[in-house]
Structure formats: structure tokens, C-alpha cells
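Subject: Structure for your review

Dear colleague,

Please find the structure below, together with its sequence. I would be grateful if you could read the notes that follow with the coordinates open.

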Amino acid sequence: MALLSKKDSKLVLDPLADNNPITIQVLGICSALAITAELKAAVVMALSVLFVLSMGNVAISLLRNIIPSKIRIIVQLVVVAALVIIVDQVLKAFAYELSKTLSVFVGLIITNCIIMGRFEAFALGNGPKKAFLDGIGNALGYGIILVIVGFFRELLGSGTLFGFKVLGDPVTKTGLYSIGYENNGFMIIPPAALIVLGIIIWVQRSKNRALIEEA
Amino acid sequence: MKEKLHQLKQKYEGKKMAPAFNALHTFLYTPNETTHSGAHVRGADDLKRTMNTVILALVPCLIFGMFNAGYQQYSAINGFPENFSLFDDFLTWSNFLVGLTTILPLVIVSYGIGLGIEFLFAVIKGHEVEEGYLVTGMLVPLIIPVDTPLWMLAIAVAFGVIIGKEVFGGTGMNILNPALTIRAFLFFAYPTWMSGDKVWVHGAKAGLTQAGSTDAISGETVLGALAQGSSHLSFSVSDMFYGFIPGSVGETSKILILLGALFLIFSKIASWRIIVSGVLGSLAMGLIFNGIVDAGWLPTYSKFYTLMSFPYWQHLLVGGLAFGIVFMATDPVTGSQTNRGKWIYGFLIGFMSVMIRVFNPGYPEGVFLAILLMNVFAPTIDHYVVRGNIKKRLRRLKTATIYPQASDEVDSLKTETA
């Protein structure tokens with residue numbers, strides 16, 4: 001990429017796969033379990049985190065030299081909280097139904113370990129451009145996993161994708177349902193997300209054996 | 001034949017498919033290779049013998065299940081026979097045929113998919129196929145309703161074998177009982193096929209009707225009826241004991257389960273401690289519930305009233321409690337290993353089975369959930385039993401008079417156990 005130097009593009013691309021915040025660092029599992037029963041919610045959650053993490057990273061990076069290190073966690077929390085409130089209000093204004101499904105989990109972005117983790121580990125020690133790219137990369141890495149999990153859970157659990165009945169109608173028995181197919185109720189409940197996530201981690205590690213930790 | 005297979009084995013040595021071939025080979029014959037050096041004792045009770053013994057104990061339940069499937073269907077259509085006779089009403093060819101055509105496919109799918117996955121993993125990982133699935137594959141058709149669609153079973157078996165067993169490292173490494181994992185998956189994924197009054201009789205879900213009327217047939221398990229609050233049961237205690245009641249395929253006949261249990265105990269395959277303590281646990285919980293009802297603490301309009309006032313010993317006669325305690329809780333891999341641990345483990349399984357059974361709002365049965373829960377806790381129980389033993393011995397050491405270098409021994413023992 002001509003737009004970004006090699007080092008910078010690594011900041012964006014690394015968290016997508018080999019240093020993924022969910023599958024490798026195992027952070028942010030809570031929200032991955034809670035809101036991935038529907039693809040739509042997963043996408044909105046991913047976008048919200050993208051906004052909060054990239055903007056927050058920039059803000060913290062700009063402030064990094066004037067934040068007294070003793071109160072840095074509080075400052076970080078104020079920044080996240082401000083951004084999360086913006087996201088929450090925008091959702092309530094323009095996508096009220098969706099904000100109800102996401103309910104408390106938008107607010108809980110504040111406690112998402114990925115965000116505090118990036119602030120602490122990256123934004124406090126790097127310039128705003130790098131911090132921005134790092135935020136984008138990590139949020140996308142988070143989002144990708146959310147969308148993959150959401151895709152399988154919604155498809156197998158409800159037979160829909162973004163609310164569209166891709167497998168036919170279970171009530172009037174069209175499509176796959178006419179030959180006796182039924183939705184898998186297990187996929188709707190949160191433990192299924194853990195298992196789908198586990199399978200993703202399994203696939204990823206068996207493709208790239210360097211990721212397997214020493215036992 | 002045997003010689004030919006040995007020759008074939010030489011040919012396949014080191015090839016990719018070798019484990020798959022060896023599995024079939026050793027299934028029929030003893031391998032032609034033996035250890036050459038040193039003294040070895042060859043035990044006759046290898047893994048394969050163990051597995052086959054359990055299967056042998058399960059076969060009566062399976063055969064009975066086939067007859068019962070036909071009997072339940074016939075009775076649902078024509079009404080239960082007035083003067084029940086074992087040979088005219090139950091052990092008939094037509095009953096057996098209904099059972100055979102519905103249950104045999106379940107067995108075939110269970111073994112086909114499960115063993116297929118085992119072979120696949122053996123070939124990929126390059127280790128030998130283990131016999132662990134032989135029992136699981138037999139248990140699975142026995143703990144599900146007769147009308148479970150085959151594709152659901154196939155998915156559940158794949159899930160149970162891969163997620164429940166292979167990811168942990170295969171036979172002997174699994175935390176959860178694979179057969180129960182399969183059942184739990186079915187239960188949570190397709191609850192309408194695993195509970196209610198339409199799944200226990202073959203054809204009820206498909207809309208079979210009663211003779212001479214347009215009413216659809218149905219059949220409720222005893223527990224299902226109790227959970228609905230009907231205290232008047234259509235089955236007598238002896239029906240429950242002999243197993244002429246609706247239920248999962250192999251769980252109904254308590255007398256055959258009892259025979260299986262005795263067989264397993266005397267062949268020393270299953271732990272009698274787990275079985276006895278499991279029975280005690282369920283009786284204890286049942287007694288507590290009965291006591292609460294007798295003391296008048298529970299109003300009669302409570303939705304738990306009928307299940308809680310159900311005589312404590314009859315809990316063992318209905319549902320899958322007896323089957324679970326005898327054939328699932330005694331799984332040597334997922335259960336506790338220490339003797340005292342087995343008592344605790346079994347007791348809690350029985351205790352919690354009855355508790356979940358009574359309080360589960362969606363489904364009046366809890367044996368599989370209780371056993372899975374205790375599977376998770378089994379290593380913890382063992383851990384504390386072992387710690388307890390160590391502590392006791394250390395205490396004994398303190399008061400004991402030890403003749404050579406007492407102080408050294410205490411220290412080295414302490415570092416060993418710290």
C-alpha cells in the first residue's frame with residue numbers, strides 16, 4: 001500500500017488475524033457472547049467499537065504527554081464514556097429498535113477490555129496517526145470475529161441473515177423447511193457463541209501453527 | 001483370513017490409511033505383534049473387552065425398547081389392552097417390527113456417523129482408532145425419543161464426538177460423557193423433538209390418529225404427566241418397573257436395567273459405589289421433597305406439588321434416572337476415580353437429578369444435566385479427596401514414631417505434597 005508504510009499497514013492488518021484481540025488475546029469475549037445471536041446487532045456493535053476505539057485511541061494519544069500517570073485510568077475511562085454516550089445517543093435517535101436489542105451492551109463497551117487494553121498498551125506510547133491505525137485494526141479484528149460468529153448463529157439458529165429468511169419460512173414451511181429442516185435452538189443461546197468461537201480459534205491455529213502456545 | 005490380514009497390514013505399514021485398517025483388523029483378531037522383551041502380564045480385560053461387556057449389558061434394554069416402541073404405538077392407537085398378557089400383547093412380531101424399523105436406523109446413524117468421525121480423526125492425527133465410541137454409539141439411540149429425525153441425530157452425534165471428545169484428545173481424555181453431550185445438544189437445539197407428549201410414541205408427531213376417530217395419538221411420559229399437575233397416573237407401579245411406559249427408547253424397563261447393573265457390577269466394569277450412592281442420593285432428595293409436602297409447607301396449588309409429592313422411591317422407576325445412574329454415571333473416564341470420590345459423585349448425581357427433575361420448568365427430567373454437571377466437578381472431588389488423604393497421613397506422621405531420620409522424611413514428604 002502506497003498510502004501507508006509497511007509498519008503502519010502492519011498496525012491495521014496484524015490484529016485482523018495473527019494478533020486478533022478475540023481469538024488470540026481472548027479479550028472482549030463477553031460482548032461476543034451476548035450480542036452475536038443476530039448478525040445485525042453484531043455489525044452495529046462492531047461499528048460502535050470501531051468508532052469508540054479509533055477516536056479514543058487518537059484522543060488518548062494526543063493527551064498522552066499531559067496525563068499524570070497516576071490518574072491515567074480515570075482519564076481513559078472519561079474518554080471512553082464520552083464516546084460511548086455519543087454512540088448510544090446516536091443509536092437511540094436513528095435506530096431505536098436496534099438499540100433496544102443491544103440494550104446494555106453498548107454501555108458496556110466502556111468496560112470492554114480491548115479498549116482499555118489498547119489505550120494502555122498502545123495509545124499512551126504512540127503518536128495519534130499510529131494510534132488511529134491501531135484502533136482501526138483492533139476494532140476490525142474484533143468486528144470480523146463478531147460478524148463470523150453472528151453469521152453462523154443467525155443462519156443456523158434462526159435461518160435468517162440480517163433478518164432475511166434465506167432458508168425459507170419455518171411457519172409456512174417453504175424452502176429447506178419443507179423437507180423437514182428445523183432451526184437449531186442451541187445456536188440462539190449464548191453458550192453456542194463460545195463453541196463457535198472455539199471452533200474459529202481451532203481452525204485458525206491449525207492453519208497457522210506458530211500461534212499455538214507451548215503447553 | 002487372519003493370515004491374509006496380517007500380510008495386508010505389512011503392506012499398509014506407515015501409509016496414511018493404516019490406522020483405519022488396523023482398527024478393523026484388531027476388531028476381529030488379536031494383532032500378530034507381541035512384546036518380546038521382559039516379563040509382561042496380558043490382562044484379558046482390555047478396552048475392547050470392557051466396551052463389549054457394557055454393550056452386552058445394554059442389548060436387553062435395546063430389544064425391550066424395540067418391543068415397547070411397537071407396544072406404545074399399538075396402545076396409543078387402540079387403547080391399552082384390558083387384560084395385559086406379556087406374550088399376546090407385548091412380545092409380538094408386529095410390535096418388534098415397528099420397533100426394529102424405527103430404532104435400527106437410529107442405531108445405524110449413531111454408529112455410522114460416530115465411527116466415521118473417529119476414523120477420520122485417527123487418520124488425520126495418525127493414531128490408532130480407539131474403541132471408546134462403541135459404547136457411546138449404543139447408548140445414544142437408547143436415550144432419545146423413538147421419533148428423533150435421523151439428520152438431527154447425525155448432527156448431534158457429530159457435535160458430541162468432535163466437541164465433546166475429539167477436541168480434548170479422544171477416548172479417555174474427555175471431560176464430559178459424549179453420549180450425554182449428544183443428548184444435551186439435541187435437547188437444547190431441538191426441544192420440540194425431545195419433550196412434550198408427541199415424541200414418545202412413534203408416529204404421533206406425524207399425525208397418526210386413534211382407531212375409529214380423528215383424534216391424533218399422543219403419549220406422555222409419567223414425569224410429563226406429573227409436571228402437568230395430573231396426580232392420577234395411567235400407569236401402575238409394576239408397569240413402571242417392567243417398563244411398559246412411554247419414554248426414551250432404552251430407559252423404560254427398570255428390571256432390565258437392574259439386570260444390566262448386576263451384570264456390570266459382577267464383571268467389575270461399573271463401580272458399585274457410584275450406583276449405590278446414586279440411588280441413595282435420589283432417595284434422599286425424594287424424601288426431602290416428600291417431607292416438605294407432608295409438613296404442609298407447600299400449598300397444593302403450587303406447580304411443583306404433584307412432582308414433589310410423588311413417592312420418593314418411585315422417582316427411580318420413571319424417567320431415565322436408573323438408566324443414567326447405571327450406564328452413564330459409571331463411565332470410568334468422566335466419573336470420579338477415588339473410592340470416596342465415587343460416593344460423593346454418585347450421591348450428588350442422584351440428589352441433583354431429582355432436584356432438577358422437580359424444579360426444571362421446561363422439561364421434567366434432569367438426569368442428563370445432573371450427570372454432565374457432576375462430570376465437570378469429578379476432578380475437583382478427586383482433588384480434594386486426595387488432598388484429604390495426604391493431610392491425614394501427614395497428621396499420622398506427626399504423632400508416629402519413626403525410627404530412621406525422622407526429620408528428613410517429614411520434610412521430603414511435605415515438599416512432595418506441597
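Predicted model: local features only at pLDDT ≥ 70, side-chain atom pairs only at ≥ 80, totals over all residues.

Chain A

Chain A has nine helices and zero strands, so that its elements, read from the N terminus, run α-α-α-α-α-α-α-α-α. Along the principal axes, the C-alpha atoms of this chain fill a box of roughly 65 × 45 × 35 Å. Chain A has 215 residues, of which 35% count as buried. Among its contacts with a separation of 6 or more, 75% are between residues 24 or more positions apart.

The UniProt annotation "transmembrane region", taken from an unreviewed entry, covers residues 41–62, 74–95, 101–119, 131–152 and 185–203 of chain A. Two of these spans may be described further. Residues 101–119 of chain A are 68% helix and 0% strand, with 28 Å between the end C-alpha atoms. Residues 131–152 of chain A are 100% helix and 0% strand, and their end C-alpha atoms lie 32 Å apart.

On the H8(A) side the contact is made by A:Ile145, A:Ile148, A:Val149, A:Phe152 and A:Arg153, and on the H9(A) side by A:Ala192, A:Ala193, A:Val196, A:Leu197 and A:Ile200. Nine of these residues are nonpolar, none is polar and one is charged.

Contact between chains A and B

Eight residues of chain A and eight residues of chain B form the contact. On the side of chain B, the largest share, three residues, comes from helix H8 (residues 178–189) of chain B. That side has eight nonpolar residues, with no polar and no charged ones.

Chain B

Within chain B, the axes of helix H3 (residues 47–78) and helix H5 (residues 93–125) come within 7 Å and cross at roughly 110 degrees. This angle makes H3(B) roughly perpendicular to H5(B). The residues in contact include B:Gly65, B:Met66 and B:Phe67 of H3(B) and B:Ser94, B:Asn95 and B:Phe96 of H5(B). By class, the contact has 10 nonpolar, seven polar and no charged residues.

One backbone feature also deserves a check. Most residues other than glycine have a negative phi. B:Lys268, however, has a phi near 60 degrees, a positive value in a residue other than glycine. B:Lys268 is placed in the loop between helix H12 (254–266) and helix H13 (272–294) of chain B. Because B:Lys268 has 11 C-beta neighbours inside 10 Å, and 12 or fewer count as exposed, this residue is classed as exposed.

With kind regards

Terms used:
Residues numbered from 1 in each chain as written. Chains lettered and ligands numbered in written order. Contact = placed C-beta atoms within 7 Å. Helix = DSSP H or I, 4+ residues; strand = E, 2+ residues; numbered from the N terminus. Nonpolar A, V, L, I, M, F, W, Y, C, P; charged D, E, K, R; others polar. Buried ≥ 20, exposed ≤ 12 C-beta atoms within 10 Å, placed from the backbone. Axes fitted to C-alpha atoms, helices over the stretch in contact; angles between N-to-C directions. Parallel < 35°, antiparallel > 145°, perpendicular 65-115°, else oblique. UniProt positions renumbered as here; feature names shortened; annotations may be inferred.
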